[in-house]
Amino acid sequence: MQGSAPGTAEILSPLRRSTDAAAEAVTIAFRRRDRTARIARKFAVSVEHERAFATEFLFIPVFISAGAVLWFSFAESPSSIFVALFFIVAAALALLLRHRTGWTAKICAFGAFALLGMLLADLETRRAATVMLDTPVTTTITGTVERREVDARGYWRYLIAVSATEGPTLSRPPEKVSVLSRSKGEAIAVGGIIEGKARLSPPSGPALPGLNDFAFASYFRGIGATGFFYSAPKAVSLAGDAGEKPQSWLKDAGTWLYLLRSAIAERVRSVIGGDAGAFAASIITDERSAISADTMEALRVSGLAHIVAISGLNMALASGIFFVGLRIGFSLFPAFAQHWPVKKIAAFLALLMTLAYYLISGFAVSAERAWLMMSVLLIAVLFDKPALSMRNVALSALIILAFSPSEVMGPSFQMSFAATIALVSAYAFWSRWRVDRERLFVGQKPAWMKVSEAAIAIVGGVVVTSLIGGLSTAVYSIEHFHRVTTYGLAANLAAMPVMSLIVMPFGLIGMLLMPFGLDAPFLKVMGYGMAMVIEIANGVASWGGSAAIGRQHGWFLALSTAGFLLLSLFRTRLALSGIPLLFLAFGLSVAEHHRPRPDLLIYEDGTLVGLVGESTVATTKTRPSGFVYDQWSRALLLPEKTVSPIFLKTEKKMKETNPQSAQPSRESRRLSDEQRAKAIEDIGKALAAAGQGFTCHRSLWCAARSAKGQRIVVLEDTSLTGAACDIADIIVTSRRTSFQQCRSGAVLFSRDVLRRIGSVEMTLSHENEGGPIGRLATAMAGTNRPWSEHRSYDWKTRSFDRETSETIEELVAATP
């Protein structure tokens, strides 16, 4: 039709009536209802598909882990009786409803598994029962050397089972301590009795609220204190029967294995030499302390630090090379290979080799996980089951959670299983895709296609494996270490062929030939491969590939982990439900970075205080402790260099402590009335002067004025505390004081207060906003768990005192 003539549709269609609008609305409603029903049908089909493949089993270790994490996260230990009762009720309901398909049965079952995780966490905590040292002390210790390890400087670190302390005698001594000896002389043998004067300290808590609590890991490792010997310790022999107590056969076997491990590590280091030898020894025996600090930093920055630990990569390469090598060897004897199940024989021998590898690794946690996973995979081969499956990963996780649920809180467990789950899930997806794709081909492929596919599979496998491993562990690297390695993919692509083709094969052959003294040539080749890996790490690290991310939101780890698990464990489109959680987690991360930084930071022992400006950080130390400040800088994205304090020149030279030392002198120096008055006058002048940093008098005090006007005084002499309360707004001291709060209204952070509340970060208030502190966040306030109760122990009264000043309690309660 042309021009203004009506179109065909207008001629054929009826005229519009008043009911057309209603009919159209009904049609839209039916479409919406039909779309909803279609989505519901697809959801039901996906659920049935997941049920057919028993995906529910994969979530059992997930909910057990969630229960353990919940139990460890409480401020107070929950009642074991109530948790056990709830578990019995939930388990009984789950058993009664086990044949039903509704959500009620699933909720009861997974709730019972979460409560089981809480019970396992409670059981492990009671089993550990580690006594933690309550306060730093200098004493003479006597004990048995259970472990020893040498570092790159030639210093020895001993793990000592303490039998006695003297000068002073500790009223609550730890059972085991880790002590460093800076002497390079003859080391004391494992099993020998050691004695020496040492400075012991409790394991440190979080450097800032939300950061890693080192006391948690020490508690479950049984280490109650760390420290160093003042001079070379000596080997002693105890009189009578004290030194000749019979040991159990299990302990004797452990000592023999440890001596064997030390001999192997020493042999590898002596044959190869240098950092390459220390690196090679670390991937065989897990003795890492001999690697130099520069090499370790290069490995971290380049994203190759995972090679150092005996983890899934090392165990898989060793087991795989051994397994494939045996099968190739058996194939050289056709008659034997045709009459015997050589695949199962190779799997069984590889299982024994994997066990031997684990035994000489010193029972490292990462090695334990890798050994369990490889054992499950090889046992699956023995029973003609699929070796590489998510079910085997779940079984490995269940075994670890049954014995060591505390491992779920550490980055090693999380990163190891994240990488394994991601790789197995990606392999399963690729296998399904390949099967569907193979159906398109009829007949035999040409030779060029087979060769090209094999080459692409090898190169692509290395690339994709490195990419998946890096992406899956990035979340946990961000959460725990507050940084990501931007060039980790390039480093792994360059290093993995060296590890797979040179390091592990020749290292495995060298270990097999070591009992016969024929290992040196193969260890030398392994050392060349290790040197190549170190060169790769140094080259990639020179690109500056480590990017600081900063501290994350409190829900970042939980949401990102939930999203990752949903995306990896489901086989159907239900996996897409994890994507919104991942977006939400990273959205919270972005929002967290827009929050203003705190104004004042105080470490838990009061020896380091940082005043944060817009682009600077002023500290009370010329060179602040790298252990503490590195954590501050990564978590809050602070500058690497700090503003050093200005020290006043004194006319009279007095006995003083090193201003760069993190450990103050044991006793406050007594000042005369004239010296005290002069000190107060100098503090007042320092507070009145406008500056960007602290003004200090060595071993006495430091003072600064914040940009918002608060007057801050840090004291090493407690005789000045009363006067400082009258002229300052915030007082920090690393010493014990006779009072816990100032009458003037100033906020006092004494040693006892900081012991109970841990490290502190605060946002200072502007003028005319009431008190000097607007927001106060503490690392340990209100927390009373077995790994933190030593903070409230008073050795003078031999009792636990958890009270702190009312001012601090009000500030903590007022902070959301």
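Trainee: What is the strand order of the open sheet of 6 strands?
Mentor: In this predicted model, the pairing within the sheet is mixed. Strand E12 (646-647) and E17 stand at the edges with a single partner strand each, so one side of each has no neighbour in the sheet. The order is E12-E13-E14-E15-E16-E17.

Trainee: How many bridges join strand E14 to strand E15?
Mentor: E14 covers residues 701-705 and E15 covers residues 711-715, and the two run antiparallel. One of the bridges pairs Trp701 with Leu715 in E15. The number of bridges is 5.

Trainee: Which helix packs on the sheet, touching E13, E14 and E15?
Mentor: The helix spans residues 673-688, and E13 is the strand at 695-697. The helix direction makes about 25° with that of E14. The helix is H22.

Trainee: Which residue has its backbone oxygen 3.3 Å from a polar atom of the side chain of Thr733?
Mentor: Thr733 lies in strand E16. Beyond its neighbours within four places in sequence, Thr733 is in contact with residues including Thr718, Leu748, Arg751 and Leu715. The backbone oxygen in question belongs to Leu715.

Trainee: Is Thr733 buried or exposed?
Mentor: The C-alpha atom of Thr733 is separated by 6.4 Å from that of Phe749, 16 residues apart along the chain. The relative accessible area of Thr733 is 0%, and the cut-off for burial is under 20%, so Thr733 counts as buried.

Trainee: Why is the disulfide of Cys696 and Cys702 right-handed?
Mentor: The sulfur atoms of Cys696 and Cys702 are 2.0 Å apart, and both residues are buried. The handedness follows from the torsion about the S-S bond, which is about 110°.

Trainee: Is the link of Cys725 and Cys742 left-handed or right-handed?
Mentor: The sulfur atoms of Cys725 and Cys742 are 1.9 Å apart, and both cysteines are buried. The torsion about their S-S bond is -40°, and the link is left-handed.

Trainee: How many residues apart in sequence are the parts that the pair Cys725 and Cys742 ties together?
Mentor: Cys725 lies in helix H23 (residues 721-727). Cys742 is in the loop between strand E16 (730-733) and strand E17 (747-749). The parts tied together are therefore 17 residues apart in sequence.

Trainee: What is the pairing when the bonded cysteines of the protein are numbered in sequence order?
Mentor: A search of the whole structure finds 2 disulfides. Cys696 is joined to Cys702, and Cys725 to Cys742. The pairing is 1-2, 3-4.

Notes. Residues are numbered from 1 along each chain as its sequence is written. This is a predicted model: local features need pLDDT of at least 70, side-chain atom pairs count only at pLDDT 80 or more; totals for chains, interfaces and linings use all residues. Side-chain values use heavy atoms; hydrogens and water are left out. A disulfide is a pair of cysteine sulfur atoms within 2.5 Å. Buried means under 20% relative accessible area, exposed over 50%, partly exposed in between (1.4 Å probe, protein chains only). Helices (H or I, at least four residues) and strands (E, at least two) are DSSP runs, numbered from the N terminus. Contact means heavy atoms within 4.5 Å. A polar contact is a pair of N or O atoms within 3.5 Å; within protein, one must be able to donate a hydrogen and the other to accept it, and residues adjacent in sequence count only if both atoms are side-chain atoms. Two strands pair if DSSP finds at least two bridges between them. Axes are lines fitted to C-alpha atoms, for helices over the stretch in contact, and angles run from 0 to 180 degrees between N-to-C directions.
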